[in-house]
Amino acid sequence: MNWSPIQDVIDWGSVPDWFGAVGSIASVLFVYLGLRREIRARRSDDLRIRATQARLVSAVAEIRGTSVLRVAVANESDAPVLDVVALARLVPPDDPDAPPVGLAPAKQVRRIPGRDVHDLFVTVAAEHRLRPGDTVLVDLTFTDHDGNRWHRVGTGQPEPVG
């Protein structure tokens with residue numbers, strides 16, 4: 001005689017039921033991880049394709065004396081770039097890992113045609129004296145032919161804005 005108030009009503013299932021449940025959960029997890037990897041790969045491919053023109057737009061700074069920079073913005077693509085903003089920044093010579101210091105207000109260009117180089121002359125603020133060995137980076141922000149906004153620092157890879 002069993003005096004327990006619960007009369008063996010709990011059925012824990014059989015071993016094949018447990019294997020089936022674990023297998024179902026594992027297959028759902030496998031599909032989820034594969035789908036997530038595929039979505040990341042497609043986003044990466046999309047960004048690579050969108051950045052085709054952006055990789056062909058660059059800027060180089062050339063020191064002219066102690067207070068003037070020539071910033072050459074080159075658009076080596078076939079299509080124009082729009083709303084170009086160039087900001088020259090000096091890498092501190094005593095600490096190359098420190099954040100670069102802005103030298104002057106940003107210069108803007110409305111449009112640079114394809115296969116063209118546009119020169120900007122930047123007068124450096126009085127508190128900064130340039131030396132021939134200084135490293136100057138150019139922060140470049142622009143809109144490509146497809147309407148995508150990009151930001152590029154020095155020779156680094158272009159990154160989408162927004």
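Helices here are DSSP runs of H or I with at least four residues, strands are runs of E with at least two, and both are numbered from the N terminus. By that count, the protein chain has 1 helix and 9 strands.

Some ground rules. This is a predicted model, in which local features need pLDDT of at least 70 and side-chain atom pairs count only at pLDDT 80 or more, while totals for chains, interfaces and linings use all residues. Residues are numbered from 1 along each chain as its sequence is written, and side-chain values use heavy atoms, with hydrogens and water left out.

Overall layout. Along the sequence the pattern reads α-β-β-β-β-β-β-β-β-β. The radius of gyration is 29 Å, well over the 15 Å that the globule rule gives for 162 residues, so the protein chain is more spread out than a compact globule. That radius is taken over C-alpha atoms, and the rule is 2.2 Å times the number of residues to the power 0.38. Along the principal axes, the C-alpha atoms fill a box of roughly 105 × 40 × 25 Å.

Now the surface. The protein chain exposes about 11,100 Å², and carbon and sulfur atoms supply 58% of that. These areas come from the Shrake-Rupley method with a 1.4 Å probe; for residues, only the protein chains shown count as cover. Buried residues make up 28% of the 162. Buried means under 20% relative accessible area, exposed means over 50%, and partly exposed is in between (1.4 Å probe, protein chains only).

Charges next. There are 19 positive and 21 negative side chains, and the centres of the two sets lie 7 Å apart. Lys and Arg count as positive, Asp and Glu as negative; His and the chain ends are not counted. Each charge is placed at NZ of Lys, CZ of Arg, CG of Asp or CD of Glu.

On to contacts, meaning heavy atoms within 4.5 Å. Take those between residues at least 6 apart in sequence: 60% join residues at least 24 apart.

What does the largest nonpolar core look like? It has 25 residues, and those with the most contacts inside it are Leu69, Val71, Val73, Val84, Leu103, Leu140 and Phe142. At least two residues each come from β1 (57–64), β2 (68–75), β3 (81–91), β5 (107–112), β6 (116–123) and β7 (135–143). β3 gives the most, with 5 residues. A core here is a set of buried Ala, Val, Leu, Ile, Met, Phe, Trp, Tyr and Cys residues joined through side-chain atoms within 4.5 Å. In soluble globular proteins, nonpolar side chains tend to be buried together.

Beyond four places in sequence, Val73 touches Ser58, Ala59, Val84, Ile112, Asp116, Val117, His118, Leu120 and Leu140.

Isoleucine 63 sits in strand β1. Ile63 is partly exposed, at 23% relative accessible area. Glycine 133 is 70 residues from Ile63 along the chain, yet their C-alpha atoms are separated by 9.1 Å.

Is aspartate 144 buried or exposed? Asp144 is buried, with a relative accessible area of 2%. Asp144 is in the loop between β7 and β8 (149–153). Setting aside neighbours within four places, Asp144 contacts Arg50, Gln53, Pro80, Val81 and Trp150. Aspartate 134 is 10 residues away in sequence, but 30 Å away C-alpha to C-alpha.

Two backbone points. Most residues other than glycine have a negative phi. Aspartate 83 has a positive phi of about 45°. Asp83 is in strand β3 and partly exposed at 31%. Arginine 115 also has a positive phi, near 60°. Arg115 lies in the loop between β5 and β6, and at 58% relative accessibility counts as exposed.

Last stop, the helix. Leucine 33 lies in α1 (residues 15–50). Leu33 is partly exposed, at 41%. Glycine 154 is 121 residues from Leu33 in sequence and 37 Å from it in space, C-alpha to C-alpha.
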